[in-house]
Amino acid sequence: MYPIQLIPVTKDYLWGGTRLKARWNKQASSATIAESWELACHPQGESVVLNGEHAGKSLGALLREHPEYLGARAAQFPYFPLLIKFIDAAQDLSVQVHPSDAYALEHEGQFGKTEMWYVADCEEGSGVYCGFKRPLSAQQVREHLDNGTIEQALHFLPLRKGDCVYIPSGTVHAIRGGMLVCEVQQNSSLTYRLYDYGRLDKDGKARELHVDRAIPVICSDSVHRVNETVRAIDDTTRELVSCPYFTVYEHTVAGEKTIFVDADSFVSLTVVDGEGSVFVDGVRSNSKLGHTVFIPAGAGEVLLRGAMTVIAARV
């Protein structure tokens, strides 16, 4: 058992930027990168193992060969439970909403999407929309969309580096331009787009909206605030979010820090500041800014060494 370094899958959309290539050690043939899927086992893309005896295998192939790496809690899901990505929003993302599991299974034949954002970097004055300023009826939401005033109805959260925002399914939201976030989410790409500022795609066509599907899943009275789910564990660890799908921690390493990975779940470690090394059973993986390491369930003590901030996610 060893710390498994992952090669991400990169995606380029019209709102993507250059920061992931310029500073965050991501490679792509495209000039910009919108998303870097760090921990991915999804039909639209899979991470690949970089190092050690499993080098060259996709994450899915690795877990089929070693299902015990998932852990007991993660193995209860009918699919790989998490997707972790970086999002570089050079422009505003669409105003959107994700359905719950119950709705998505009934209407889409797949699971819904709850997510959280950790601010890895941001420009001054940037932030996100998260929920409405006040409860709205379905008719009122439609009127705002028809009139192009939906942004005026949304709750804006100004954010700084290190902030955290939790986005349960049903919450209308949008990442504004200037944000670079590390997102931990259910392993789903199911998104209903409500509003896209009248933008055109690369072919000059208006981007598809999903208003009729989105309206029934909106929790119109949900307003989520910055860091409302965060609690300090000790001087170097914050629990950012704990929900039925994932628990996410921020570890600040200045020298050495040991964490414990039990048999309940794998742990994904993503470096969001600085650099260092990860050791499992004496085996070392060097981790630079933006790198992600998969730690198999049951690894026991994991040593983090260096000067870095690490986002640790588990089921």
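User: Which exposed residues does the face of helix 5 turned away from its buried side carry?

Analyst: An α-helix has 3.6 residues a turn, so residues three or four places apart point the same way. In this predicted model, the face of helix 5 turned away from the buried side carries Asp-146 and Asn-147, both exposed (over 50% relative accessible area, with buried under 20% and partly exposed in between, for a 1.4 Å probe and protein chains only). Helices are DSSP runs of H or I with at least four residues, strands are E runs of at least two, and both are numbered from the N terminus. Local features need pLDDT of at least 70, side-chain atom pairs count only at pLDDT 80 or more, and totals for chains, interfaces and linings use all residues. Residues are numbered from 1 along each chain as its sequence is written, and side-chain values use heavy atoms, leaving out hydrogens and water.

User: What are the buried residues of helix 5, and what do they pack against?

Analyst: The buried residues of helix 5 (residues 138–147) are Val-141, His-144 and Leu-145. They cover an arc of only 100° around the axis, which puts them on the same side of helix 5; the arc is that of the directions from the helix axis to the C-beta atoms. These buried residues pack against strand 10 (127–132), helix 6 (150–153), strand 15 (192–195) and helix 7 (211–214), where contact means heavy atoms within 4.5 Å.
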